[in-house]
Amino acid sequence: MRKKMFFIVGLLFFNYLVISCDRTNNQVEVFDDNRSNKACAENKIPNEFIVQWKSGKISKVDGMSQQYFVNDFLTQNLDQVVKAEPNYRITVDSSKISTQNSCNQAGWHHEDIQSQAMWGKGHFGDNVVIAVTDTGIDFNNPELFNSIAKNPGEVGVDENGNDKETNNIDDDNNGYVDDVYGLDALDQDMIPNDEVGHGTAVTSTIVAKHDHPFLKGIAPNAKIIPIKFLDNFRGSTATAVKAIEYAILRGADIINASWGGNDSTSCSTILPDFLKTIEQKQTILVAASGNGDALGRGLNLDIVSKTFPIYPASANLKNQITVGSISPLSKKRSSFSNYGENSVELFAPGSQILTQVLDSKMACEDGTSFSAPLVSGTLALVMNAYPDLNPIQIKKVLLDSTKKDKDFRNLTSGTLDLQNIISE
Ligand SMILES: [Ca+2]
Ligand SMILES: [Ca+2]
Ligand SMILES: [Ca+2]
């Protein structure tokens with residue numbers, strides 16, 4: 001009798017152990033803390049998490065401790081969760097924001113890539129929409145403001161005779177009320193106003209009008225969707241996902257991503273999973289290759305990507321183009337620019353680029369952040385020249401036309417060259 005009791009108690013205890021171990025293992029499986037990595041630990045936003053749901057949705061969960069999130073929230077929702085992780089900070093690369101208001105080599109980039117070859121044929125980016133996922137734009141800059149692609153579903157008059165822009169109704173049913181211009185994923189409003197200057201500079205590289213001798217946008221007639229998801233301290237994996245989701249919702253032909261070049265994007269496994277879904281969309285993602293290590297020395301992304309990938313640069317999507325930077329003096333890779341025969345498609349000017357910044361001032365910028373928009377804008381011109389091609393074909397036209405130089409360590413061994421595009 002005593003023996004049997006012991007057996008039953010023992011069995012119960014054993015069962016309990018199995019159940020609790022099982023539960024813990026499941027949680028460990030879905031929750032990836034990446035705690036061994038110092039950069040990840042430093043960039044973890046306290047009490048914020050991201051959940052990738054089986055429905056395909058990705059959402060931020062906040063306002064609870066990690067212990068509560070794992071033991072309570074995840075436990076309760078385990079059957080609906082694919083993965084969860086801390087929300088990691090993504091910041092703009094402020095080391096590459098210029099304070100110089102003029103460039104010795106201003107305007108060199110259009111000569112180098114022979115922009116006139118496309119402009120001369122009347123290709124200025126008309127009817128092409130480029131989403132700029134960045135710090136927003138200066139809404140007081142009339143040139144940039146007038147380049148915004150207004151959301152056609154939120155303009156005009158509704159059935160009650162009210163202006164759809166301000167009727168406080170989500171007229172196009174895309175989940176955002178009165179999103180006329182773009183999205184501010186940081187302040188959660190519909191005015192992506194730039195407080196840093198980076199997004200304004202990137203955007204002006206694409207759409208600045210041609211009334212200044214050296215500051216000319218590569219695709220001045222393209223329309224942009226400004227999407228603000230980062231600044232010097234508030235961006236995150238969660239806002240990056242929101243930004244790209246919104247660009248796709250709005251049907252952007254091209255998505256410019258001049259960001260990701262710090263350690264924290266390697267911490268997320270949900271971000272690359274999400275980026276993979278862009279391959280199914282009718283769009284092209286253009287990513288800056290990144291500005292090297294802490295000392296500004298360019299990195300070989302092919303090697304770095306194996307251990308500390310930089311997203312989106314390292315994502316290697318079919319409809320993605322990752323761009324490194326050329327310097328005007330050497331006409332070679334800018335020393336800070338990341339490179340890689342498998343990870344970087346081509347190089348484009350990214351040193352000494354004259355741009356607009358806040359308050360309609362100018363700045364002389366360095367960084368792969370400015371190489372990417374030159375390619376985004378060029379893609380708009382290619383879409384003008386070849387209006388019937390799909391994104392994969394457009395990408396091929398661009399890559400086939402690069403100016404070859406075996407010293408450039410990238411997929412095409414080449415640099416952006418608009419003269420070659422038009423002669424094909
Ligand atoms: Ca809407
Ligand atoms: Ca509305
Ligand atoms: Ca705002």
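The predicted model has a chain-average pLDDT of 92, with 92% of the residues scoring at least 70.

Strand β1, which spans residues 44-53, is paired with two other strands. With strand β2 (residues 58-62) it runs antiparallel and is joined by 5 bridges, Phe 49 standing opposite Val 61 of β2. The two strands form a hairpin in which 4 residues lie between them, and Gly 56, located in the turn, has a positive phi of about 100°. With strand β3 (residues 81-88), β1 is likewise antiparallel, in this case through 6 bridges, and Trp 53 is placed opposite Val 81 of β3.

Strand β4 (residues 129-134) is joined to β7 by 4 bridges, the two running parallel, and Ile 130 has Ile 254 of β7 as its bridge partner. Strand β8 (residues 284-288) also pairs with β7 in the parallel sense over 4 bridges, with Ala 287 of β8 as the bridge partner of Ala 257. Together with helix α9 (residues 270-276), β7 and β8 make up a right-handed β-α-β unit. In a regular strand the side chains alternate between the two faces of the sheet. For β7 both faces are covered, given that Ile 254 and Asn 256 on one side, and Ile 255 and Ala 257 on the other, are all buried.

The largest nonpolar core comprises 100 residues, of which Ile 130, Val 286 and Leu 379 touch the most other members. The element that gives the most to this core is helix α11 (residues 368-385), which supplies 9 residues. Because residues are contributed both by domain 1 (2-88) and by domain 2 (94-422), the core lies between the two domains.

The surroundings of Val 286 bring several of these elements together. When its neighbours within four places in sequence are left aside, Val 286 is in contact with Ile 254, Ile 255, Asn 256 and Ala 257, among others, and these four residues are the buried positions named above for β7.

Technical notes. Residues numbered from 1 in each chain as written. Chains lettered and ligands numbered in written order. Predicted model: local features only at pLDDT ≥ 70, side-chain atom pairs only at ≥ 80, totals over all residues. Pairing = 2+ DSSP bridges. Buried ≥ 20, exposed ≤ 12 C-beta atoms within 10 Å, placed from the backbone. Right-handed = clockwise from strand over helix to strand, strands pointing away. pLDDT = per-residue confidence, 0-100. Core = buried A, V, L, I, M, F, W, Y, C linked by C-beta atoms within 7 Å. Domains from an automatic or database assignment. Contact = placed C-beta atoms within 7 Å.
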